[in-house]
Amino acid sequence: LSLPFALKALGAGPGLLALLLAALASDVSLLALCSASRRTGLVALPELARHCGGAGLEAACVACLLGLLCFCAVAYLRLLRDMVEVALGFDPGAVDGVLAAALGGVLLPLSLFDDVSRLAF
């Protein structure tokens with residue numbers, strides 16, 4: 001969500017270089033995780049962390065994943081808020097209560113389904 005801002009701040013050349021380095025690091029990380037998963041037969045990242053470093057590493061892995069998910073959720077909710085404000089012509093902050101009600105009353109219960117195929121139309 002912040003790529004345009006980062007590319008503008010860095011400039012075209014350094015921004016593209018940083019983007020390429022991040023893509024390369026992501027690819028190497030994914031290959032390492034897939035290789036470790038194949039070798040151990042474990043499919044979940046916390047299980048793999050427990051196998052490699054014990055319960056402490058598993059807890060650290062889960063904490064990092066929860067933190068990442070929280071930050072991503074905040075970024076997407078902020079984007080949703082900005083889009084709704086622009087689309088409906090509201091003043092900044094005017095839709096906070098409506099979004100909070102929609103999240104608490106609709107989206108949160110839907111996110112608790114074990115089987116997301118129930119959400120298909």
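Predicted model: local features only at pLDDT ≥ 70, side-chain atom pairs only at ≥ 80, totals over all residues.

Modeller: Contact here means that heavy atoms lie within 4.5 Å of each other. With neighbours within four places in sequence left aside, glutamate 85 is in contact with Phe90, Asp91, Pro92, Gly93, Ala94 and Val95. Its relative accessible area is 9%, and because buried means under 20%, glutamate 85 counts as buried.

Side chains of opposite charge can pair when their charged atoms come close. The side chain of glutamate 85 meets that of arginine 81 in a salt bridge, with 3.2 Å from N to O. These two residues are four apart in helix α3, so about one helical turn separates them, and both glutamate 85 and arginine 81 are buried.

The count of salt bridges comes to two, and glutamate 58 and arginine 50 also form one, their closest N and O atoms being 2.6 Å apart. In that pair, glutamate 58 counts as buried, at 18% relative accessibility, whereas arginine 50, at 45%, counts as partly exposed.

Returning to helix α3, which spans residues 45–88, we find methionine 83 there as well. Methionine 83 has a relative accessibility of 49% and therefore counts as partly exposed, and together with Tyr76, Leu77, Leu79 and Leu80 it makes a nonpolar surface patch of about 450 Å².

The cysteines deserve a separate word. A disulfide is a covalent bond between the sulfur atoms of two cysteines, and a search of the whole structure finds zero of them. For cysteine 61, the closest cysteine sulfur is that of cysteine 64, and at 7.0 Å it is too far for a bond; cysteine 61 itself, at 12% relative accessibility, counts as buried. For cysteine 70, the closest cysteine sulfur belongs to cysteine 72, and the 9.4 Å between them is likewise too far for a bond, while cysteine 70, at 49% relative accessibility, counts as partly exposed.

Finally, helix α1 covers residues 3–10, and because zero of its eight residues are buried, helix α1 lies largely in the open. Just after α1 comes glycine 11, which takes a positive phi of about 100°.

Note on methods:
Residues numbered from 1 in each chain as written. Heavy atoms only, no water. Patch = residues over 30% accessible without salt bridge, like charges linked within 9 Å, V, L, I, M, F, W, Y side chains within 5 Å. Areas by Shrake-Rupley, 256 points an atom, 1.4 Å probe, with all protein chains shown as cover. Salt bridge = Lys/Arg side-chain N within 4 Å of Asp/Glu carboxyl O. Buried < 20%, exposed > 50% of the residue type's maximum accessible area, 1.4 Å probe, protein only. Disulfide = S-S within 2.5 Å.
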